[in-house]
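I opened this model to look up its sheet, its helix and its aromatic contacts. My notes follow the order in which I checked them.

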Amino acid sequence: MDVDKVGIYFNKTDSTVVRITSPYWIPEEPDWVLVSNDPNLTLLAVRDLIAENNLGGSSESIQWTGLKQSTS
């Protein structure tokens, strides 16, 4: 497993974050930006990191999301 890819990812377009703890699905750039390699951060801590690193979006509107189910 590539531990450098595990962590919290942010999607500015949707103002969502996702927690990645396995290598089965790694969000692709440029839509997703790795915020932290610590997958155990709280949403509050993630919002603070996004604001500190000027990653965009309104930190108050950022929410967790899950993997999208395939419709095929």
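These entries go from the strands to the helix and then to the rings.

I note first that the model is predicted. I looked up the strand order and found an open sheet of four strands, β3-β1-β2-β4, with mixed pairing.

**Strand pairs.** I went through the pairings one by one. β1 and β2 are antiparallel, with five bridges. In that pair I find G7 opposite I20 of β2. The two strands make a hairpin with four residues between them. In its turn, S15 has a positive phi of about 55 degrees. β1 also pairs with β3, again in the antiparallel sense, over three bridges. Here Y9 has L34 in β3 as its bridge partner. The parallel pairing is between β2 (residues 16-20) and β4, joined by two bridges. I see T16 opposite Q63 in β4.

**Cover on β1.** How many residues of β1 are buried? I count five of its five, and the strand is mostly covered.

**Helix.** Next I checked where α1 (residues 43-52) lies. The helix packs on the sheet and touches β1 (7-11), β2, β3 and β4. Its direction makes about 120 degrees with that of β3.

Which residues of α1 are buried? I find L43, V46 and I50. Seen down the axis of α1, the buried residues fall within an arc of 60 degrees, so they line one face of the helix. On the face turned away from the buried side I find L44 and E52, both exposed. After the helix comes N54, with a positive phi near 50 degrees.

**Rings.** I searched the whole structure for aromatic pairs and got one. The pair is W25 with W32, ring centres 6.2 Å apart. Why edge-to-face? The planes of W25 and W32 stand at 85 degrees, so the pair is classed that way, the cut-off being over 60.

W25 has 36% relative accessibility and so counts as partly exposed. W32 has 13% and therefore counts as buried.

**Charge over a ring.** My last entry is R19. Its charged end sits over the ring of W64, 4.4 Å from the ring centre.

Key
Residues are numbered from 1 along each chain as its sequence is written. This is a predicted model: local features need pLDDT of at least 70, side-chain atom pairs count only at pLDDT 80 or more; totals for chains, interfaces and linings use all residues. Side-chain values use heavy atoms; hydrogens and water are left out. Rings of Phe, Tyr and Trp (its six-membered ring) pair if their centres lie within 6.5 Å; planes under 30 degrees apart count as stacked, over 60 as edge-to-face and the rest as tilted. Buried means under 20% relative accessible area, exposed over 50%, partly exposed in between (1.4 Å probe, protein chains only). A charge sits over a ring if NZ of Lys or CZ of Arg is within 6 Å of the ring centre and within 35 degrees of the ring normal. Two strands pair if DSSP finds at least two bridges between them. Contact means heavy atoms within 4.5 Å. Axes are lines fitted to C-alpha atoms, for helices over the stretch in contact, and angles run from 0 to 180 degrees between N-to-C directions. The arc is that of the directions from the helix axis to the C-beta atoms.
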